[in-house]
Amino acid sequence: MLCVKNVTKKYGKFIANNAVSFDIADSEIAVLLGPNGAGKSTIIKCICGLLRFEGEITLGGFPNKSLEAKKILGYVPEMPAVYDLLTVREHLEFMLRSYKIEDDGTADRLLERFELLDKKDKLGKELSKGMQQKLSICCALVHKPSVVIFDEPMVGLDPHAIKQLKELFVELRESGATVLISTHMLDSVESYWDKAYIMKDGRFCAEKSAGDTDGKSLEDLFFELTESGGRA
């Protein structure tokens, strides 16, 4: 489970996140939506322990900056950050060693799924932006995390990778994982989300469950709430 309580993040006088609170249970997929500058990436970086903040965040009951929390977290950043001089395979080996996990074949299965197995000896600097994104996804999942956070994960992906990623979202939920996805591609998550949190100006202007939309699509809800200034 992921719990965020009254998290505020300020940059000087600018408030990027203003008393944000939400929770996502095990076996749930939550989507985080909002226009550019709404504060989505900021709250994600707070959750992942990359920013200082006021408030409380726990992962699986552990404080987010604890080793226990970091062991169960998988994070796909908005911009892939790969090591120039590590090969594709070495990236996954590095992740497994960092978590002190023996490879049970998961690494190669992920590489094959995202069509990177034949690129396993390529250096990070030799990969296209799309390949770097796919590698970033593989690195985030190779240690089998129980809390997984995706920040705009589909940007730069080819159709095959998008299909595989959508299937992985559902598989993660079925395995009991807690999943949070921040995306502008609303149609990509329309069919399987459980909770939706819509942000505007550093706050939530709506919190919806999949069964509480009055028959409206996620896209309809998004534009209704972000462009009208309303709250639901």
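Predicted model: local features only at pLDDT ≥ 70, side-chain atom pairs only at ≥ 80, totals over all residues.
Phe22, Tyr197 and Phe204 are joined into a cluster by ring pairs. A search of the whole structure finds six aromatic pairs. In the pair of phenylalanine 22 and phenylalanine 204, the ring centres are 5.5 Å apart and the planes stand at 70°, so the pair is edge-to-face. Phenylalanine 22 belongs to strand E2, residues 14-24, and phenylalanine 204 to strand E10, residues 203-209, so this pair ties together parts that are 182 residues apart in sequence. Phenylalanine 22 counts as buried, at 5% relative accessibility, and phenylalanine 204 is buried as well, at 8%.

Let me turn to a second pair. Phenylalanine 150 and phenylalanine 169 are also edge-to-face, with 4.9 Å from centre to centre and 75° between the planes. Phenylalanine 150 sits in strand E7, residues 147-151, and phenylalanine 169 in helix H6, residues 159-174, so the parts tied together here are 19 residues apart in sequence. Phenylalanine 150 is buried, with a relative accessible area of 0%; the value for phenylalanine 169, likewise buried, is 0%.

I now come to the chain as a whole. The protein chain has seven helices and 10 strands. Its radius of gyration is 18 Å, close to the 17 Å that the globule rule gives for 232 residues, so the chain is as compact as a globular protein of that length. Buried residues make up 50% of the 232 residues. Among contacts with a separation of 6 or more, 67% join residues 24 or more positions apart.

Finally, the surface and the charges. The protein chain exposes about 11,200 Å², of which carbon and sulfur atoms supply 50%. There are 31 positive and 36 negative side chains, and the centres of the two sets lie 6 Å apart.

Definitions and conventions
Residues numbered from 1 in each chain as written. Heavy atoms only, no water. Helix = DSSP H or I, 4+ residues; strand = E, 2+ residues; numbered from the N terminus. Rg over C-alpha atoms; globule rule 2.2 N^0.38 Å. Buried < 20%, exposed > 50% of the residue type's maximum accessible area, 1.4 Å probe, protein only. Contact = heavy atoms within 4.5 Å. Areas by Shrake-Rupley, 256 points an atom, 1.4 Å probe, with all protein chains shown as cover. Lys, Arg positive; Asp, Glu negative; His and termini not counted. Charge placed at Lys NZ, Arg CZ, Asp CG, Glu CD. Phe/Tyr/Trp six-rings, centres within 6.5 Å; stacked < 30°, edge-to-face > 60°.
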